[in-house]
Amino acid sequence: MDTELETARTMIWRAADALDRGAPDRVKLCAMAKRVATDTGFSVANRAIQLHGGYGYLSEYGIEKVVRDLRVHQILEGSNEIMHLIVGRSLADGS
Ligand SMILES: Cc1cc2nc3c(=O)[nH]c(=O)nc-3n(C[C@H](O)[C@H](O)[C@H](O)COP(=O)(O)OP(=O)(O)OC[C@H]3O[C@@H](n4cnc5c(N)ncnc54)[C@H](O)[C@@H]3O)c2cc1C
């Protein structure tokens with residue numbers, strides 16, 4: 001789980017760097033990073049619930065709130081399906 005979070009974090013830094021530099025592939029890299037970071041965050045938090053068994057599902061433990069809060073980021077700021085479209089369009093454009 002930590003390895004996956006580090007992978008997502010690295011993609012975000014790479015996308016942020018491309019955005020700062022105005023690199024030609026910045027749109028594609030930002031769409032990739034948004035999709036990967038939000039899918040990874042949700043997946044890792046969801047597995048954290050599983051690790052705790054039934055307790056993980058209870059509000060007292062706090063993990064279910066983390067999962068709910070992360071889930072919406074797969075929809076917000078351009079849904080992840082739209083991130084797929086942006087990446088596909090960038091590849092077709094050669095950028
Ligand atoms: C808690 C919350 C806060 C929000 N805050 C804001 C805010 O502050 N400002 C703001 O402007 N908006 C805000 N939104 C709206 C948010 O940006 C939209 O919900 C989001 O962009 C998705 O649009 P939609 O809900 O109209 O889904 P739709 O566009 O109706 O899409 C429905 C589903 O179809 C998929 N889909 C749509 N088109 C395609 C396609 N071409 N190919 C493949 N799949 C597709 C989507 O990925 C999604 O899974 C907020 C939403 C929530 C839940």
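The legends below describe several close-up views of one predicted model. In this predicted model, local features are reported where pLDDT is at least 70 and side-chain atom pairs count only at pLDDT 80 or more, while totals for chains, interfaces and linings use all residues. Residues are numbered from 1 along each chain as its sequence is written, and side-chain values use heavy atoms, with hydrogens and water left out.

**View 1. The surroundings of the ligand.**
The ligand is surrounded by Val72, Ile75, Leu76, Ser79, Glu81, Ile82 and Leu85, where a residue counts as near a molecule if one of its heavy atoms lies within 4 Å of it. This shell divides into five nonpolar residues, one polar and one charged, in a scheme that takes Ala, Val, Leu, Ile, Met, Phe, Trp, Tyr, Cys and Pro as nonpolar, Asp, Glu, Lys and Arg as charged, and the others, Gly among them, as polar. A side-chain N or O atom of Ser79 is 2.5 Å from an oxygen atom of the ligand, and a polar side-chain atom of Glu81 lies 2.6 Å from a ligand oxygen atom. Taken alone the ligand exposes 970 Å², of which the protein buries 28%; such accessible areas come from the Shrake-Rupley method with a 1.4 Å probe, and for residues only the protein chains shown count as cover.

**View 2. The largest nonpolar core.**
A nonpolar core is a set of buried Ala, Val, Leu, Ile, Met, Phe, Trp, Tyr and Cys residues joined through side-chain atoms within 4.5 Å, and buried means under 20% relative accessible area, whereas exposed means over 50% and partly exposed lies in between (1.4 Å probe, protein chains only). The largest such core has six residues, namely Phe42, Ala45, Ala48, Ile49, Ile63 and Val67. Helix 2 (26-51) and helix 4 (63-71) are the elements that give two or more residues to this core, and helix 2 supplies the largest share, four residues. Helices here are DSSP runs (H or I, at least four residues), numbered from the N terminus. A second, separate core has five residues, including Ala18, Ala23, Leu29 and Ala33. In soluble globular proteins, nonpolar side chains tend to be buried together.

Ala45 is found in helix 2 and, at 6% relative accessibility, counts as buried. With neighbours within four places in sequence left aside, Ala45 is in contact (heavy atoms within 4.5 Å) with Ile63, Val66, Val67 and Leu70. Ala45 and Val67 are 22 residues apart in sequence, and their C-alpha atoms are 5.5 Å apart in space.

**View 3. Thr38 in helix 2.**
Thr38 is found in helix 2 and counts as buried at 13% relative accessibility. The side chain of Thr38 reaches the backbone oxygen of Lys34 at 2.7 Å. Not counting residues up to four places away in sequence, Thr38 touches His73, Gln74 and Asn80.

Ser90 lies in helix 5 and is buried, with a relative accessible area of 8%. Beyond residues up to four places away in sequence, Ser90 touches Lys28 and Ser95. Glu77, placed in the loop between helix 4 and helix 5 (80-93), is exposed, with a relative accessible area of 73%. The phi angle of Glu77 is near 55 degrees, a positive value in a residue other than glycine.

Notes. A polar contact is a pair of N or O atoms within 3.5 Å; within protein, one must be able to donate a hydrogen and the other to accept it, and residues adjacent in sequence count only if both atoms are side-chain atoms.
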